[in-house]
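Subject: Structure handover

Hello,

I am passing this structure on to you. Please have a look at it before reading the notes that follow.

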Amino acid sequence: MGAAKPRKPAIEGWFSMDADDPRLLGTRCTSCRTYFFPRETVFCRNPACSGTEFEEVPLSRRGTLWSFTNNCYPPPAPYVAPDPFEPYAIAAVELDEEKMVVLGQVVPGVATSDLKAGMEMELVIDTLFEDDEQEAMIWKWRPVAA
Amino acid sequence: MANEVAILGVGMHEWGKWGRNFVEYGVKAAKDALEDAGVGWRDIDFVAGGSTMRNGYPGYVSGATFAQALGWSGAKVASSYGACATGAQAIDSARAHILAGLCDVALVVGADAAPKGFFAPTGGDRPDDPDWLRFRLLGATNPIYFGLYARRRMEIFGATEEDFARVKVKNSRHGYTNPKARYKKMFTMEDVLASPMVSDPLRLLQICATSDGGAALVLSSMEYARRRTTDPVTIAAVSTVTPSFPNHVIEMPNFATDSAAATGLPETPFKDSIAKAAYEQAGLGPEDLDLAEVYDLSSALELDWYENIGLCPPGEAERLLNDGDTTLGGRVPVNTSGGLGCFGEAVPAQAMAQVCELTWQLRGQAAGRQVEGARVGLTVNQGLFGHGSSVIVKR
């Protein structure tokens, strides 16, 4: 029996791997207080602001479902689609404090028929794909249990 | 009127999957446009190319590629790329040169040879490219975004699958006799609703394909036009505006919207701002339109466009469709060409094709799909990375 493959984030620095309180990692301009995800670290993208200093902020873990859809067919590379492919949902979730909408896959087992705009969703960390070396992890959304 | 340029000629290579080099389609369209204009290639002062990202280097330098294929003439050149707005950017480039008095007569040309199936990002590992990452990390294809917008209409406005299918049926009737359309087939509601689901709620027949195609226009100053013709069709406005911060609607190829937490929302959302800028340039409003060509990447998206160009308030688009207002014979026919549903998308040529359709309509040359007495038309589209365009054509 070999050791379990290491779990690595599929992209560095975009989210925390904390099992109890996983968060997307954004930044906030120290001048105008605008949030950015994915992280902005050089020049503030608010055109009215010339800020160049950013603080790292974990984004809200929960949000409201803005809309949703699914992939019935495997997306093309560079997506690593499992074989056989199982359709999966994608959610656009609105974060209340940050006033932004963030996309993410929906956890396996939750279909579009289970979703409704306005539902509360929360962030979790789950497998994106596995290869010989690692289990690549990514953020996903799941409905908050009623 | 100030700031108008004349459309002397238009030409299109039939859209399809011909398996040939993109340059050939563009040259054919260009030669047709030149003949339509009664202008010789060697009289063209300026070539504005619409570039393609999927055909290697020659596609990036489209203006020169077409100029060489037509035969080097020493004409000035510029190439534009703006995703789905490419064609309008090329039109605007030529228009600006003409209005500045830097050239009398220009050729605008774009063409594509498109891959099969989903558009995929540029090859290789590109972890700094949002367009690469959205596939890698999410599997967020273009239809995913269209599906999100369609589902939103259902959740917020009560739109149904049948409403979306009705758009496809309408457009298939419009495009059925269009000689330039790829899909010349009348679909029924049953056909559409039986096609396989791709990105719920959108089915295969509700999502536009990718196509080969080429389009071209010959534009000139009004003074040059008046020496050759009376009552030319003119371009009264071109909008190529970008969003205003914060852009708060999720768009290709992004993972997230801008944050409105610190700044509040802009006065006009991006999609509404595109046609608004064109109306302002032309001194016109949605009530002045006789017809419109809108970018039906999905049949549901056409409904969003009715609202974005001001034909009706938010939530009313389905009523406009179901009342027949946007069908040929109705108050403001939309996509008489048949739209992307009948063409599929040939990225750099598509915005040009929208203008070609309006030109034929305003000249009374759209047999089988003619809008009687058309005098004012509007095109609109949106492309990834913050692109959008709108052109107003008048007579």
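Two residues count as in contact when their C-beta atoms, placed from the backbone, lie within 7 Å. In chain A, 52% of the contacts with a separation of 6 or more are between residues 24 or more positions apart. Please keep in mind that this is a predicted model.

Chain A

The C-alpha trace of chain A spans about 50 × 40 × 30 Å along its principal axes. Of the 146 residues in chain A, 34% are buried. The secondary structure of this chain amounts to zero helices and nine strands, so read from the N terminus on, the order of elements is β-β-β-β-β-β-β-β-β.

Chain A has an open sheet of three strands, in the order β3-β2-β4, and the pairing is antiparallel. β3 and β4 (54–58) of chain A are the edge strands; each has a single partner strand, so one side of each has no neighbour in the sheet. Strand β2 (residues 25–29) of chain A pairs with β3(A) in the antiparallel sense over two bridges. In this pair, A:Thr27 stands opposite A:Phe36 of β3(A).

Chain B

In chain B there is an open sheet of nine strands with mixed pairing, ordered β3-β2-β4-β7-β1-β8-β11-β10-β9. Its edges are β3 (76–80) and β9 (291–294) of chain B, and because each has a single partner strand, one side of each is left without a neighbour in the sheet. From one strand to the next, the twist averages 25°.

Where the chains meet

The contact between the chains takes 38 residues from chain A and 32 residues from chain B. On the side of chain A that touches chain B, the elements giving two or more residues are β3 (35–36), β5 (62–71), β6 (88–95) and β7 (100–106) of chain A. By type, the residues on that side of chain A divide into 25 nonpolar, eight polar and five charged.

Regards

Note on methods:
Residues are numbered from 1 along each chain as its sequence is written. Chains are lettered from A and ligands numbered from 1 in the order in which they are written. This is a predicted model: local features need pLDDT of at least 70, side-chain atom pairs count only at pLDDT 80 or more; totals for chains, interfaces and linings use all residues. Helices (H or I, at least four residues) and strands (E, at least two) are DSSP runs, numbered from the N terminus. Ala, Val, Leu, Ile, Met, Phe, Trp, Tyr, Cys and Pro count as nonpolar, Asp, Glu, Lys and Arg as charged, and the others, Gly among them, as polar. Two strands pair if DSSP finds at least two bridges between them. Axes are lines fitted to C-alpha atoms, for helices over the stretch in contact, and angles run from 0 to 180 degrees between N-to-C directions. A residue is buried if 20 or more other C-beta atoms lie within 10 Å of its own, exposed if 12 or fewer, and partly exposed in between; C-beta atoms are placed from the backbone.
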